[in-house]
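The sequence and model come first.

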Amino acid sequence: MLDASRQPEPLVRVEGLKMHFPIYTGLFRSHTGDVKAVDGVSFDILPGETLGLVGESGCGKSTVGRALLRLYEPTAGRVIIDGEDVAHLSAEKLRQKRPTMQMVFQDPQASLNPRMTLAGIIGEPLDEHTSMSRAEKTQRIYELMDQVGLNRRFANRYPHEFSGGQRQRIGIARALALNPKFIVCDEPIAALDVSIQAQVVNLLEDLQERLGLTYLFISHDLSMVRHLADRVAVMYLGRIAELSPSKDLYSRPLHPYAEALLSAVNEPDPELAARRNRIILKGDVPSPANPPQGCNFCTRCPRVFDLCRQVKPDLQEVEPGRFVACHLFSDKTTAGTTGVPEARIEHNQQGASK
Amino acid sequence: MLTYVLRRLFIAIPTLLLISVVIFFLVDLAPGSPASEIPLTVPPEVRAKILESLGVNAPFHVRYLLWLKQFFWVEPMYAIDYLFGTDYAQGAQRIISYSSRSPVFNIIIERLPQTLTVIGTAYAVAILIALPIGIYSAYRQYSWVDQLGTFVSMVGYSVPTFFTGVVLIVIFAVKLQWFPSIYDTTLRITDWGSLWKQIHQMILPVAVLGLYNAAEISRYTRSSMLENLSQDYVRTARAKGMSERVVVLKHVARNSMIPVVTIIALGLPGVFGGAIVTEQVFKINGIGAALIGAIHANDLPMVQTITFITAILIVTFNLIADILYGVLDPRIRYD
Amino acid sequence: MPNGAKPVLQVRGLKTVFRTRTGEVHAVNNVSFHLQRGELLGVVGESGSGKSVTMMSLLRLLPAPPAEIRAGEVLLNGRDLLQMGADELRDVRGGKVGFVFQDPMTSLNPVFTVGMQITEALRKHMGLSKAAAETRAVELLQLVGIPDARKRLKAFPHQFSGGMRQRVMIAIALACDPDVLIADEPTTALDVTIQAQILELVKELRAKLGMAIIWITHDLGVIAGIADRVMVMYGGQVVEQAPVRELFANPQHPYTRALLKTIPKISGEREARLKVIEGQPPMLSAAPSACPFRERCEYRHDRCNAENPLRRAVDGREVGQGHDVACHWQAPAPAARETAHA
Amino acid sequence: ERGADGHVNVLYWQAPSTLNAYLSSGTKDVEVGSLVLEGLAGFNEKGEVIPRLVESIPTVENGGVSADLKQITWKLKPGLLWSDGTAVTSKDAKFTYEYCTHPDGGCAQAARYEGIASIETPDDLTVVINFTDPKPNPYTAFVGATSPILQAAQFANCLGAAASTCTEQNFKPIGTGPFKVVDFKVNDVVQLEANPNYRDPAKPAFATMTVKGGGDAQAAARAVMETGEFDYAWNTQINPEQQEQMAAGGKGVFLNGYGTLVERVEMNLTDPSPDLAEGERSTTKHPHPFLTDIRVRKALSMAIDRQTLVDIGYGKAGRATCNLVPAPELYASANTDCIAQDIEGAKALLDEAGWKDTDGDGIRDKDGKKLHILYQTSVNPVRQDFQAVIKSWWESIGVEVELKQVDASVFFGGDAGSPDTFQKFYADVEMYANNFDGTDPEPYLAQYLCDKIPGPDNQWQGENINRFCDPAYDALVKELSVTADMAKRGEIAKKLNEMLTKDSYVVVPLVDRGRLSAASNTLGGAVLNTWDSELWNASDWYRIK
Amino acid sequence: MTDATQVIEAPRSQWRDVWDQFRHHKGAMAGLCVLLLIVAFVVIGPFVWRVDGTYIDPDAAKMILGRNKPPSWAHPLGTDQVGRDMLARMMLGGKVSLAVGLVAMLVSIFIGTTVGVLSGYFRRLDGLLMRMTDLFLSLPLLPLLLVLMFLYGNLVKRAFGPELGTFLLVVLGIGLTSWMHSARIVRGSVLALKEREFVLAARSIGTPARRIILRHILPNVVSAVMVAATLGIAGAIITESVLSFLGLGFPPDFPTWGGLLNEGYVSLTTYPSRVIWPGIAISLTVLSVNYIGDGLRDALDPRIRGR
Ligand SMILES: Nc1ncnc2c1ncn2[C@@H]1O[C@H](COP(=O)(O)OP(=O)(O)OP(=O)(O)O)[C@@H](O)[C@H]1O
Ligand SMILES: Nc1ncnc2c1ncn2[C@@H]1O[C@H](COP(=O)(O)OP(=O)(O)OP(=O)(O)O)[C@@H](O)[C@H]1O
Ligand SMILES: [Mg+2]
Ligand SMILES: [Mg+2]
């Protein structure tokens with residue numbers, strides 16, 4: 001859809017976003033460290049685009065999504081949505097800004113108040129931000145229900161009376177109520193059964209087409225992300241490892257972690273599965289409270305070398321539209337010392353500036 | 001763990017100080033006066049003198065600070081002197097009861113044995129009864145044993161001890177005359193006969209309190225067991241081919257006992273405080289009786305000291321319960 | 001595949017019902033299957049289709065009051081587990097049949113050391129001394145790829161990561177050299193990369209130890225990667241059963257076909273739109289008298305409402321041996337391969 | 001023979017908290033203390049003074065009391081020994097006086113030593129007490145269980161502020177009484193054994209004694225009368241039905257005797273209205289709106305059936321009385337005119353006083369004001385029953401009654417800051433019991449002097465609760481204080497008693513509350529004495545075999 | 001709760017499910033029936049049995065004869081030591097005891113919920129409020145309660161009259177010393193709820209904290225609070241009767257079950273029924289309330305209800 005032909009103004013621009021959760025220990029509960037859930041993340045999302053955000057559990061995907069909407073107070077960085085820096089808005093300004101940016105949550109059960117009716121849930125944003133009359137509100141609620149394919153008769157039912165897919169539709173309707181421009185979808189399908197996932201994904205696609213929405217689509221289901229996203233950011237331990245157009249990433253991942261991640265995905269075809277060459281990573285993800293000194297991935301990377309253990313690589317554009325944070329692709333390695341890996345040095349001459 | 005304990009102790013100190021002020025303040029503000037115990041035949045001037053000599057009229061903060069010093073400094077000195085035959089205290093003024101003019105701590109120590117034997121035994125008996133019942137009725141949920149156990153423990157929990165106590169006295173002490181109606185604190189256990197006598201006089205109060213505590217503990221045990229019986233690891237244990245006995249008594253019980261043990265620990269300060277009502281009903285002159293007597297007589301130093309010791313015990317046992325929790329449950333690590 | 005040999009596990013007509021206050025739940029209906037020595041049988045189906053209940057019924061691990069095994073036989077090496085006395089059954093559990101459960105976080109007892117939880121089974125079934133059991137436990141931990149095994153024996157489950165715990169679970173299941181290993185969604189709770197580690201491990205172990213495995217999952221990708229044969233369950237019944245390649249190449253049941261289409265591909269062309277299975281899973285509140293999938297089926301016809309289809313062979317071999325399906329509708333045979341691939 | 005009868009069990013359900021009468025807070029301590037500590041003289045059950053440590057009772061006749069009533073000379077028996085074997089001397093008596101009159105000591109019995117100018121000890125056996133003013137009743141100091149002799153040697157370091165730190169001394173005083181303390185547990189139990197140096201070598205008959213505390217009157221009665229666990233129980237004041245039931249138990253008998261304790265209703269002659277400013281409420285500045293009318297007071301008294309009160313509350317342990325001073329005989333007026341209830345008479349009297357029920361609501365009124373009474377007392381089951389019953393009587397004569405109960409520790413606490421003390425009397429009428437110590441009512445009657453009215457200026461510490469003030473009464477009290485002749489004293493006292501009761505109905509006595517104790521059938525020699533300690537003759541107790 | 005739409009069809013609420021589950025708990029249903037009977041006895045009883053429980057015959061002779069009577073048609077439960085009708089007194093006493101239980105529970109739940117919600121929701125208040133809760137938990141409650149009775153007794157009694165005053169005092173006293181457990185329970189569930197995604201969703205909509213608490217948090221802690229509430233009633237009734245039994249509750253002429261029991265205690269052997277009736281009444285009430293609490297706990301537990 002939108003490849004290299006860059007529109008000038010991104011709808012969302014994230015610069016150096018950091019989200020550290022403090023750890024207090026010891027006799028006096030002193031601040032002894034931080035969980036670096038998100039540690040310097042930058043990207044932008046163009047209007048009408050879907051950016052996929054993938055990575056292992058605990059790598060900070062949800063935290064990015066929440067910090068973006070200022071559901072967490074970011075430790076550092078700027079989040080410019082539609083021209084305003086959300087990360088530094090005052091409380092009242094932020095409230096007024098909320099309609100432009102909304103979120104769809106992972107667990108459709110947990111994200112709906114079990115004691116409110118469907119109409120109450122969808123109507124809540126209208127109560128908070130508009131001064132519609134009762135009738136207008138009802139009308140709007142019905143409209144929204146139509147939009148997400150919920151029968152109008154359901155308006156007075158409670159969440160537990162719906163199936164998982166329907167519940168997620170309620171969540172989406174709530175997010176749509178205020179005509180947002182930007183929606184963060186935090187694993188909206190992870191809790192759903194396979195046969196229902198497709199319904200929700202199709203709905204999201206339809207809505208994007210009809211309303212021109214912009215999505216940040218967080219998921220660890222790589223095949224879904226491939227289906228839905230225009231560009232994909234791969235996160236590892238609070239940092240972006242690779243940010244590439246979806247097509248490129250899936251055909252030829254650059255970062256070793258992205259490569260391993262993609263190879264680990266199960267191919268639902270025995271023929272292909274038998275032919276696939278899996279990269280099995282060793283060991284576990286380090287704790288974000290105590291990340292390695294150098295590259296975050298250096299403890300599990302199959303192609304690690306000395307520099308990786310000392311210096312954190314920055315995210316750099318190594319091919320047009322493709323950003324990678326890896327010493328294998330950085331300038332320093334060429335100038336660097338020993339152990340320069342043979343491959344792919346030719347890609348890293350772009351001198352990306354962000 | 002160590003820092004955790006230290007930190008808790010650190011917090012405990014201001015908490016306790018605050019508690020001591022609160023108690024002192026509340027007890028002190030009570031409108032009754034120690035003079036109410038003095039017979040009306042004593043003329044007003046003499047009363048005034050007596051109150052003066054008790055130090056009742058000193059300003060609040062003076063009395064509080066004095067008490068604080070006596071509690072935390074003088075009394076420990078006396079304790080050391082008593083234990084090691086030293087003389088650090090050098091005759092410093094101790095905390096003196098208004099009504100008996102004797103050191104409050106002597107009274108407490110005098111009364112501790114009764115309280116500990118009766119209430120303590122009741123507690124121990126309660127635990128011994130409660131655990132098997134709780135475990136079994138959870139394992140066979142909705143069986144008749146469970147229904148019965150639930151009913152009995154509900155009854156035990158619902159019927160106030162003063163009622164059960166009174167009923168038992170009427171039946172067993174008055175009508176049947178099987179047991180004495182007045183507890184003898186002078187009894188020394190020297191031989192089988194006196195031991196039997198001691199057991200004899202403890203049966204009724206122990207039964208009343210034991211029933212009450214057993215009811216509570218078995219409720220906790222049961223619900224904790226039920227919680228754990230539905231856990232996945234139980235299925236794992238069964239899938240490993242473990243016998244039901246091992247599954248229930250080893251895997252489940254070990255997990256279920258964690259909250260139960262802490263509940264038991266939290267109940268222990270009550271053993272010191274004595275069950276005021278039970279002591280009252282069975283005429284056991286323990287700490288609880290001393291407290292209620294002191295309240296009625298407006299014996300402020302006594303009330304203050306007993307309540308404060310109870311508060312210390314509560315705080316301590318809270319800490320112990322927390323630590324026990326950590327010791328029993330490897331998942332919990334206090335940093 | 002050692003065809004024709006006597007299967008190590010043979011299940012016939014298994015029927016499990018839950019009695020709840022709101023009525024009965026017929027969770028497993030007339031399920032039959034078999035498992036050959038050294039074979040890996042994959043079981044797929046959406047949530048609530050009765051996969052777990054089936055497997056737990058085999059070892060009678062379901063809580064007795066609500067669950068009731070109404071009918072069927074479960075022959076393990078020719079002996080019916082459903083008729084067995086409690087003591088004998090305990091020898092089978094953990095001894096002849098190992099079980100790995102879905103959630104590694106809650107399936108281990110949090111207050112006992114990992115070592116104790118492994119040796120417990122060893123001492124019971126193999127009669128080993130404490131020391132011998134520990135030695136064996138160390139071997140097992142090494143086998144499942146836990147480094148520094150001897151030290152780790154003294155660790156508690158919470159000190160392990162999810163993947164490691166699942167390895168421990170596998171070690172426990174393998175402890176007594178079982179003939180059959182039943183793994184109930186052992187990787188669902190794990191991350192992609194960790195999942196890949198475990199799958200790799202199982203493949204290795206199977207090659208090394210040669211036991212029969214039942215692998216439950218709802219991820220077709222996992223099945224495609226490791227299974228020999230696949231059984232598809234829906235609404236408490238087996239709706240299709242076939243060797244893995246055959247199933248993916250030539251799915252017969254409308255549910256299987258739909259399921260395969262809902263999943264976006266990781267490689268190849270990107271579909272414009274995902275296929276959707278409309279509707280809800282069946283209620284299971286009564287013994288089925290009609291096809292459980294009829295409400296959601298695009299090929300539904302009158303007969304589906306009247307009659308619950310029996311499993312019939314597709315490729316001419318006996319039901320259960322080759323490819324069979326429980327559907328009244330006949331798939332237009334050969335073209336299927338294209339759909340599955342495209 | 002001493003010690004021949006073994007062990008005796010005594011139950012004091014309100015357990016003693018000290019054995020030193022001078023630091024005691026109540027009868028229980030004094031009485032148990034009397035087993036160990038004795039005065040020079042005591043009282044017998046008739047209220048007569050009897051010698052204990054002295055040869056004889058000094059009187060004006062035998063010259064022991066000087067003619068001007070300003071000196072009394074006591075002669076100790078020779079050869080008396082303390083229980084530790086040392087000799088008893090007149091120095092001990094003088095020391096005791098110093099001990100109790102020390103300004104910092106807080107001595108509870110200081111009133112007993114009031115009016116003493118000095119004490120001289122010309123020799124080891126002679127104690128001479130000089131009074132500042134003539135003292136018609138010189139038997140206060142060193143007489144009775146409330147002013148025993150302490151051993152100077154033992155208490156030498158316990159003077160003044162040190163008194164209360166002398167725990168060992170207070171708990172195990174060395175005395176001259178029939179027993180000595182072996183062990184003392186505060187508010188719990190005292191164990192005693194026969195005093196080896198007791199002056200009568202044949203006494204006491206019991207070798208050991210336990211005085212146990214705890215429980216309540218009912219349990220105490222039961223322990224003697226029904227279970228037989230104890231030989232003697234003090235103050236077994238229980239309701240009449242139970243008295244009967246237990247008496248039927250057959251294991252023991254109730255002993256009763258009457259002293260001077262009278263349960264009474266006191267009328268407030270000043271206005272307790274809460275509308276008045278604090279400091280003016282219940283003061284003589286504002287007379288009571290209607291209780292100043294004797295007809296109202298009398299009507300209230302007439303409506304009460306005292307015998308019924310006795311029947312529901314005290315049974316054998318009480319009797320109806322119209323006297324403030326019901327005993328000793330010498331001082332007791334024959335006044336009985338209030339005993340019969342007279343509802344109709346009461347109504348007529350109120351009518352006469354102008355209180356009529358004009359609006360037909362059953363409550364009398366006058367000048368638009370209702371006849372409304374706030375009736376307060378301390379929390380105590382018997383008193384609440386009395387309140388309820390009296391309320392129903394008063395309501396039947398058209399008086400609206402509001403009841404109020406105050407916790408005893410507040411009511412009797414004397415805290416000037418509390419509005420609920422009986423001295424402040426922020427109510428129209430109040431009920432409690434009071435008595436006097438010993439046999440002489442003079443100080444008791446002197447409480448109703450005009451200058452003893454409690455008020456803000458004396459921190460509400462006066463004893464003239466009713467705010468009664470009658471110059472004739474004051475004059476008569478003055479006369480009593482200088483009258484030595486016993487018969488004459490009796491006359492005056494009776495007159496004073498009547499001025500407060502039947503002449504004015506300011507004090508409305510209800511019940512003469514006797515003492516009720518229980519003694520086992522196997523305990524011999526127990527005689528209830530209301531003038532001294534109940535254990536006054538414990539040396540004579542013996543076991544009936 | 002603000003509801004945007006008019007209710008068209010009656011929705012099946014959560015509480016229906018709870019009730020369905022509750023109905024199947026035999027003990028709880030039995031408890032509920034017994035409790036309703038007791039409430040009926042206390043509330044409707046006086047309209048049927050129109051004898052004044054405080055009436056004493058002013059005729060002294062008759063009064064003396066009418067005392068301590070065994071049950072008869074005129075006095076089905078007999079009379080007390082001054083001839084008052086015991087049945088009427090039991091009704092009077094029950095009214096007070098039940099009212100104390102109910103109101104004290106409400107006070108305690110109100111404080112507990114407020115403290116719990118505030119400390120669970122606002123991290124800044126958490127430390128302070130939890131320390132306060134710990135402090136209260138460490139205070140020995142019975143003595144504290146007794147002292148409270150002493151301390152503010154007369155003040156309150158003067159302000160509200162002796163009966164209402166004591167009532168308020170007892171109720172506040174019990175309420176103020178028994179809220180800590182519900183505070184902890186509520187805090188726990190608020191902490192969990194706060195992390196639930198629907199609260200996050202509300203925040204992402206821009207709902208202010210106040211309304212989040214009212215709309216999302218409170219309705220969801222109700223179930224936890226309900227159980228605490230039933231058990232609180234039982235606890236309060238017992239505490240009140242203990243106070244009365246120790247002679248520190250309501251004044252003796254103001255009947256409560258605990259007070260009646262204390263009164264009857266002195267004539268235990270002569271008229272045991274005077275102890276038995278109030279004793280049974282207290283025990284039955286507490287027992288039935290406890291059973292109801294048990295049933296509620298099961299009914300409100302989604303894990304059990306879901307099955
Ligand atoms: N409130 C918090 N306080 C402390 N640490 C937190 C907090 N929230 C998240 N974290 C930590 O931050 C890291 C990133 O968490 P996050 O939820 O963003 O991961 P995720 O990628 O969304 O994982 P998942 O796929 O499981 O949802 C984790 O290690 C987590 O433990
Ligand atoms: N204890 C129980 N009581 C009542 N019904 C039950 C119980 N356990 C399971 N069921 C029902 O049995 C059916 C089959 O459940 P089962 O757990 O076997 O599904 P599954 O295929 O394993 O699903 P998942 O993929 O979610 O694990 C479901 O409809 C479920 O609701
Ligand atoms: Mg997440
Ligand atoms: Mg399952």
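Five residue pairs are in polar contact across the interface of chain D and chain B, with both partners at pLDDT 80 or more. The model is a predicted one. For salt bridges across this interface, the count is zero.

The contact draws 54 residues from chain D and 46 residues from chain B. Between them, about 3800 Å² is buried. Carbon and sulfur atoms give 54% of that area.

Several elements build the side of chain D that touches chain B. Helices α4 (167-171), α5 (217-225) and α11 (408-411) of chain D each supply at least two residues. So do strands β7 (179-185), β8 (189-194), β9 (208-213) and β17 (429-434) of chain D. The classes on that side of chain D are tabulated below.

| Class | Residues on the side of chain D that touches chain B |
|---|---|
| nonpolar | 21 residues |
| polar | 20 residues |

Now to helix α9 of chain D, residues 343-352. Which of its residues are buried? They are D:I343, D:G345, D:A346, D:L349 and D:L350. These residues lie on the same side of α9(D), because they cover an arc of only 160° around the axis. Their packing partners are α7 (294-302) and α10 (381-396) of chain D. The face of α9(D) turned away from the buried side carries D:E344 and D:E352, both exposed. Just after α9(D) comes D:G354, with a positive phi of about 95°.

How values were computed
Residues numbered from 1 in each chain as written. Chains lettered and ligands numbered in written order. Predicted model: local features only at pLDDT ≥ 70, side-chain atom pairs only at ≥ 80, totals over all residues. Heavy atoms only, no water. Buried < 20%, exposed > 50% of the residue type's maximum accessible area, 1.4 Å probe, protein only. Helix = DSSP H or I, 4+ residues; strand = E, 2+ residues; numbered from the N terminus. Arc of directions from axis to C-beta. Contact = heavy atoms within 4.5 Å. Buried area = accessible area lost by both parts, 1.4 Å probe. Salt bridge = Lys/Arg side-chain N within 4 Å of Asp/Glu carboxyl O. Polar contact = N/O pair within 3.5 Å; in protein donor to acceptor, adjacent residues only side chain to side chain. Nonpolar A, V, L, I, M, F, W, Y, C, P; charged D, E, K, R; others polar.
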